[in-house]
Amino acid sequence: MTDRFEAPRERRHLKSIGEYLDALTEHDDLARVDAPVDLNLELGAGVRYACENNLPAQYFTNITGFPGYRFLGGLAPYSSDARHRWGRVALALGLPWDTHPLTILDRVLAVDFDTDLIAPVVVPDRSGRTLHDTVDLYDIPSPMLHEGDGGDYLNTIGTMIATTPDGSWTNWHVCRVMRLDAQRVTIWTRNYQHFGMIYEMWKDVGKSMEFALALGVEPAATVLSGTRGAPEYVDEAAFLGGWFGEPLEVTRAHVVNHCVPATAQVVLEGHINIEERVPEGPFGEYPGYLIPDAIELELVGHVTAISSVPEPILATVPAGKPVDDDHTINQLGQSVNHTRVLRDAGLPVEHAWLPPEGANQFAVVTVTRDWQASCNSDAQALVRRIADTLIEHSPAARVLARILVVENDIDPTDLRDVVWALASRVRPGSDLVITDRPLASLSPLFTPRERETGHGPLVIHNGLIAGAASRSVPATFQQVYPEAVKAKIGKLVEAE
Ligand SMILES: [Mn+2]
């Protein structure tokens with residue numbers, strides 16, 4: 001029996017996307033595709049197929065029309081190792097391949113923002129990245145990822161960098177970026193996101209906002225940019241410095257006042273005119289659907305500098321049906337935020353976890369088995385407090401459609417546990433339905449009007465029946481055998 005909460009081992013800092021590819025190869029989780037592949041749908045289809053079938057990460061080395069460019073598809077969705085689906089995420093964060101996903105969550109939660117941050121160090125460029133003579137976004141490969149998308153997407157998993165007007169907070173963030181023409185892109189953000197918050201600050205001071213978009217950065221930066229695991233006013237670069245116990249290396253951008261991860265493969269620099277917006281989308285997205293009429297007005301990025309290394313390695317995510325990088329990386333971060341606010345509220349919560357298969361819309365909250373004594377509450381009242389706390393204090397709760405609350409004998413990362421709990425512990429008719437709460441969803445579950453007004457329903461499944469008056473005992477290996485029997489038999493069975 002392995003203890004999923006084993007002590008931390010030394011972290012292995014992979015400092016470039018190239019080092020990450022080598023590490024994936026070590027774990028037999030990288031497949032190389034040398035045949036020519038077109039940016040128009042073929043690349044997206046290949047990555048989508050690999051994600052939907054848990055294949056190794058796909059490394060496309062022959063992109064039609066872009067000699068020298070390579071694409072990694074499947075940077076950090078589920079791995080091809082059935083016993084360790086979170087291996088890629090763990091590896092990207094410098095953790096052992098076999099790290100249990102709840103241990104990854106606990107490690108991120110254990111970072112102390114008062115003592116554990118280490119600021120990045122500015123180093124000279126050693127990657128060979130050079131400034132292009134002319135700014136032409138058609139020099140950079142930009143894939144059309146799904147049939148029906150509103151355009152091709154230069155960025156789906158690169159790191160968007162922005163700084164507050166007072167310079168006190170530099171945020172790294174993942175957002176979708178569609179190419180408009182040779183010098184302009186769209187930038188998708190909402191004001192509950194860190195990038196959106198910073199944009200609002202620039203809007204308040206009435207100045208245009210500089211950005212740098214770094215593509216093909218070191219894997220931990222990609223994962224952390226996409227997780228929102230660092231709270232507002234905490235720099236992702238400083239978080240990662242503390243995480244690895246050494247400062248992250250960054251280099252100065254060419255025309256904007258930003259630094260970028262030192263091994264970035266391609267960097268776009270520019271500015272956003274705060275009042276300017278253009279139609280963007282549609283785009284196949286993380287809920288798993290492409291909504292043809294989902295075209296909204298988004299920000300415009302004016303690109304004024306492009307730099308690239310001689311043979312760039314980029315990454316892409318044709319978002320859609322789980323599990324792709326949107327579901328692992330993003331849901332890890334949402335799990336971090338939800339768990340943090342529920343624990344901070346003094347609730348008897350062990351974890352909030354979003355199974356990636358739930359497409360960001362389904363959270364499982366586990367409570368300790370002594371919840372009745374610890375919070376002097378009946379099940380329905382506790383479930384209500386959990387929902388209210390998430391709605392009030394965790395902005396990412398806006399994308400949830402349903403929450404399941406269960407005792408912590410359920411492993412929320414194991415779908416067998418989750419489906420068993422849903423079927424056997426949620427009394428039909430007991431669901432708590434909150435009809436009007438803040439919503440920010442790209443999901444077709446919600447009506448166009450609900451998506452527009454930003455308000456809609458949330459359902460919470462009360463799975464605490466095991467703690468009801470007629471208490472039942474889960475008939476499981478863990479719970480209906482004495483420790484001595486488990487120790488003896490557990491070894492014998494594992495040895496098979
Ligand atoms: Mn942030």
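How many helices and strands are there in the chain? There are 13 helices and 21 strands, where helices (H or I, at least four residues) and strands (E, at least two) are DSSP runs, numbered from the N terminus. Keep in mind that this is a predicted model: local features need pLDDT of at least 70, side-chain atom pairs count only at pLDDT 80 or more, and totals for chains, interfaces and linings use all residues. Residue numbers start from 1 along each chain, as its sequence is written.

**The whole chain**

- The radius of gyration of the chain is 23 Å, close to the 23 Å that the globule rule gives for 496 residues, so the chain is as compact as a globular protein of that length. (The radius is taken over C-alpha atoms, and the rule is 2.2 Å times the number of residues to the power 0.38.)
- Along its principal axes, the C-alpha trace spans about 75 × 55 × 45 Å.
- Of the 496 residues, 48% count as buried. A residue is buried if 20 or more other C-beta atoms lie within 10 Å of its own, exposed if 12 or fewer, and partly exposed in between, with C-beta atoms placed from the backbone.
- Take the contacts in the chain with a separation of 6 or more: 72% of them come from residues 24 or more positions apart. Two residues are in contact if their C-beta atoms, placed from the backbone, lie within 7 Å.

**Domains**

- The domain assignment gives domain 1 (1-100), domain 2 (111-309) and domain 3 (325-462); such bounds come from an automatic or database domain assignment.
- Five residues of domain 1 are in contact with four residues of domain 3.
- On the side of domain 1 that touches domain 3, the residues divide into five nonpolar, no polar and no charged. Here Ala, Val, Leu, Ile, Met, Phe, Trp, Tyr, Cys and Pro count as nonpolar, Asp, Glu, Lys and Arg as charged, and the others, Gly among them, as polar.
- The C-alpha centres of domain 1 and domain 3 are 29 Å apart.

**The five-stranded sheet**

- Five strands make an open sheet with mixed pairing, in the order β17-β18-β19-β21-β20. Two strands pair if DSSP finds at least two bridges between them.
- At the edges stand β17 (349-353) and β20 (432-438), each with a single partner strand, so one side of each is left without a neighbour in the sheet.
- From one strand to the next, the twist averages 20°. For angles like this, axes are lines fitted to C-alpha atoms, for helices over the stretch in contact, and the angles run from 0 to 180 degrees between N-to-C directions.
- Strand β19 (residues 402-407) is mostly covered, with five of its six residues buried.
- β19 pairs with strand β18 (residues 362-367) in the parallel sense over six bridges. Val365 has Val405 of β19 as its bridge partner, and Ala363 has Ile403 of β19.
- β19 also pairs with strand β21 (residues 455-463), in the parallel sense over five bridges. Here the bridge partner of Val406 is Gly463 in β21.
- Helix α11 (residues 415-425) lies across β18, β19 and β21, and runs at about 85° to β19.

**The three-stranded sheet**

- Another open sheet has three strands in the order β4-β12-β13, again with mixed pairing.
- Its edge strands are β4 (121-122) and β13 (259-261), and each pairs on one side only.
- β4 and strand β12 (residues 249-252) pair in the parallel sense over two bridges, with Val121 opposite Glu249 in β12.
- Arg252 is found in strand β12. Arg252 is partly exposed, with 14 other C-beta atoms within 10 Å.
- Leaving aside neighbours within four places in sequence, Arg252 is in contact with Val122 and Cys259. Arg252 and Val122 are 130 residues apart in sequence, and 7.1 Å apart in space, C-alpha to C-alpha.

**A loop residue to look up: Leu145**

- You'll find Leu145 in the loop between β5 (130-131) and β6 (153-155).
- Is Leu145 buried or exposed? Leu145 is buried, because 27 other C-beta atoms lie within 10 Å.
- Not counting residues up to four places away in sequence, Leu145 touches Gly44, Tyr153, Gly284, Thr316 and Pro318.
- Leu145 and Gly44 are 101 residues apart along the chain, and their C-alpha atoms are separated by 4.5 Å.
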